Amino acid sequence: MAAPLWPLHGANLGTLLRTCDAVGACLAVPRFPWVPEALRRGNTLRRPACVHWVHDPPGWLARERAAGTRVVGVELAEEAVRLGDLPAARGRTIAVLGHEQTGIPPEVLDLLDTVVEIPMVGTGASLNVAVAGSLVLYKLAGLL
């Protein structure tokens with residue numbers, strides 16, 4: 001499951017929704033007023049997409065983790081695993097994607113089982129949420 005729980009740009013959510021479909025995953029999004037329209041606008045799928053609505057991201061992640069779900073954060077951190085070294089998911093897994101400018105909120109970092117980073121050789125500090133989420137989803141699905 002991809003979880004861009006603090007989205008900045010609506011266009012990226014539709015793109016990530018299509019990637020979720022491509023790898024057999026669901027999308028978990030917050031119930032911000034603009035998110036349903038962003039998903040409708042970006043959804044080019046011919047069948048209904050798997051979308052979970054999250055009202056309390058930290059609480060939802062804590063409950064998922066307590067139920068045995070592996071929670072992987074996509075974030076720059078000292079202890080982060082390089083994307084190439086991330087093993088494929090063997091069970092229910094959530095890939096948490098932070099805000100495109102500020103990342104995953106500090107109060108959520110303790111809820112992560114693993115942190116993965118996407119190596120970059122250019123001068124940019126991050127990728128947009130759709131690109132980062134797509135790369136991590138394909139890796140978790142064992143398709144890369």
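Two strands are said to pair if DSSP finds at least two bridges between them; helices (H or I, at least four residues) and strands (E, at least two) are DSSP runs, numbered from the N terminus. The model is predicted, so that local features need pLDDT of at least 70 and side-chain atom pairs count only at pLDDT 80 or more, while totals for chains, interfaces and linings use all residues. Residues are numbered from 1 along each chain as its sequence is written, and side-chain values use heavy atoms, with hydrogens and water left out.

**Strand β4 and its partners**

Strand β4 comprises residues 70–74. Pairing with strand β7 (residues 114–117) is parallel and rests on three bridges; within β7, T114 is the bridge partner of V72. Strand β6 (residues 93–97) also runs parallel to β4, and five bridges join the two. Here V72 stands opposite A95. Four of the five residues of β4 are buried, where buried means under 20% relative accessible area, exposed over 50%, and partly exposed in between (1.4 Å probe, protein chains only).

**A buried asparagine**

N12 belongs to helix α1 (residues 10–23). Its relative accessibility is 11%, and N12 therefore counts as buried. The side chain of N12 makes a polar contact of 3.0 Å with that of E100. Such a contact is a pair of N or O atoms within 3.5 Å; within protein, one must be able to donate a hydrogen and the other to accept it, and residues adjacent in sequence count only if both atoms are side-chain atoms. Beyond residues up to four places away in sequence, N12 touches E100, N128, V129 and A130, contact meaning heavy atoms within 4.5 Å.

**The nonpolar cores**

A nonpolar core is a set of buried Ala, Val, Leu, Ile, Met, Phe, Trp, Tyr and Cys residues joined through side-chain atoms within 4.5 Å. The largest one has 24 residues, and L27 and V136 have the most contacts inside it. At least two residues of this core come from each of α1, β2 (27–30), α2 (35–42), β4, β6 and α5 (129–140). Another core, of 18 residues, lies apart from it and includes A28, L61, L112 and V115. When neighbours within four places in sequence are set aside, the contacts of L27 include L13, L16, L17 and C20, as well as L39 and V51.

**Salt bridges**

Side chains of opposite charge can pair when their charged atoms come close. A salt bridge is a side-chain nitrogen of Lys or Arg within 4 Å of a carboxyl oxygen of Asp or Glu, and the structure holds five of them.

| Pair | Closest N to O |
|---|---|
| R47 and D21 | 2.5 Å |

In the pair of R47 and D21, R47 lies in the loop between α2 and β3 (51–54) and D21 in helix α1, so the bridge ties together parts that are 26 residues apart in sequence. R47 is exposed, at 54% relative accessible area, whereas D21 is partly exposed at 28%.

E37, R40 and R41 are linked in a network of salt bridges. In helix α2, E37 and R40 are three residues apart, which means a separation of about one helical turn; R41 and E37, four residues apart, are likewise separated by about one helical turn. E37 is partly exposed at 38% relative accessibility, while R40 is exposed at 56% and R41 is exposed at 57%.
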